[in-house]
Amino acid sequence: MIDKKKSLIFALFLVIIIVTMTLARRGHFYEVSLFKSGDGWGYDILKKNKAYIHQPYMPAVEGQVPFKDKRSAKKTGKLVVKKIRNHKLPAVTLEEIEAIIGN
């Protein structure tokens with residue numbers, strides 16, 4: 001009787017772990033990939049390892065100006081992924097860019 005209870009508790013615990021892991025991974029198939037763009041950096045948003053958004057220049061900035069460093073490109077890419085996961089448009093404003101690059 002005790003062995004059946006232990007087995008049932010273990011099976012229930014295993015199901016809870018599997019469900020939790022599945023839900024935790026849900027929506028996490030986006031990632032940021034950085035690349036050299038001219039004299040600076042750009043980013044791709046990958047969805048299931050395929051290019052979903054290709055951004056060689058800073059969005060919302062007039063002209064074709066790449067990011068000056070990897071950190072800024074990565075931080076902007078992460079912001080875009082966060083917006084996508086929150087079911088928002090992936091558009092980035094000039095104010096958001098200025099906050100990221102420190103101007």
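Here's a quick tour of the core, the strands, the rings and the charged pair in this structure. Keep in mind that the model is predicted. Its largest nonpolar core has 14 residues, and a search of the whole structure turns up three aromatic pairs and one salt bridge.

**The core**
- Inside the largest nonpolar core, the residues with the most contacts are Tyr43, Ile45, Phe67, Val80 and Ile84.
- Strand S1 (30–37), strand S2 (40–47) and helix H2 (70–85) are the elements that each give two or more residues to this core.
- In general, nonpolar side chains in soluble globular proteins tend to be buried together.

- S2 pairs with strand S3 (residues 50–55) in the antiparallel sense, over five bridges.
- Tyr43, one of the core residues with the most contacts, stands opposite Gln55 in S3.
- Two residues sit between the strands of this hairpin, and Lys48 takes a positive phi near 55 degrees there.

**Rings and a lysine**
- Phe29, Tyr30 and Tyr52 are linked into a cluster by ring pairs.
- Lys48 turns up again here: it lies over the face of Phe29, at 5.1 Å from the ring centre.

**The salt bridge**
- Lys83 and Glu96 form the salt bridge, and their closest N and O atoms are 3.0 Å apart.
- Because Lys83 lies in helix H2 and Glu96 in helix H3 (residues 94–101), the pair ties together parts that are 13 residues apart in sequence.
- Lys83 is buried, with a relative accessible area of 14%, whereas Glu96 counts as partly exposed at 24% relative accessibility.

Terms used. Residues numbered from 1 in each chain as written. Predicted model: local features only at pLDDT ≥ 70, side-chain atom pairs only at ≥ 80, totals over all residues. Heavy atoms only, no water. Core = buried A, V, L, I, M, F, W, Y, C linked by side-chain atoms within 4.5 Å. Buried < 20%, exposed > 50% of the residue type's maximum accessible area, 1.4 Å probe, protein only. Helix = DSSP H or I, 4+ residues; strand = E, 2+ residues; numbered from the N terminus. Phe/Tyr/Trp six-rings, centres within 6.5 Å; stacked < 30°, edge-to-face > 60°. Lys NZ or Arg CZ within 6 Å of the ring centre and 35° of its normal. Pairing = 2+ DSSP bridges. Salt bridge = Lys/Arg side-chain N within 4 Å of Asp/Glu carboxyl O.
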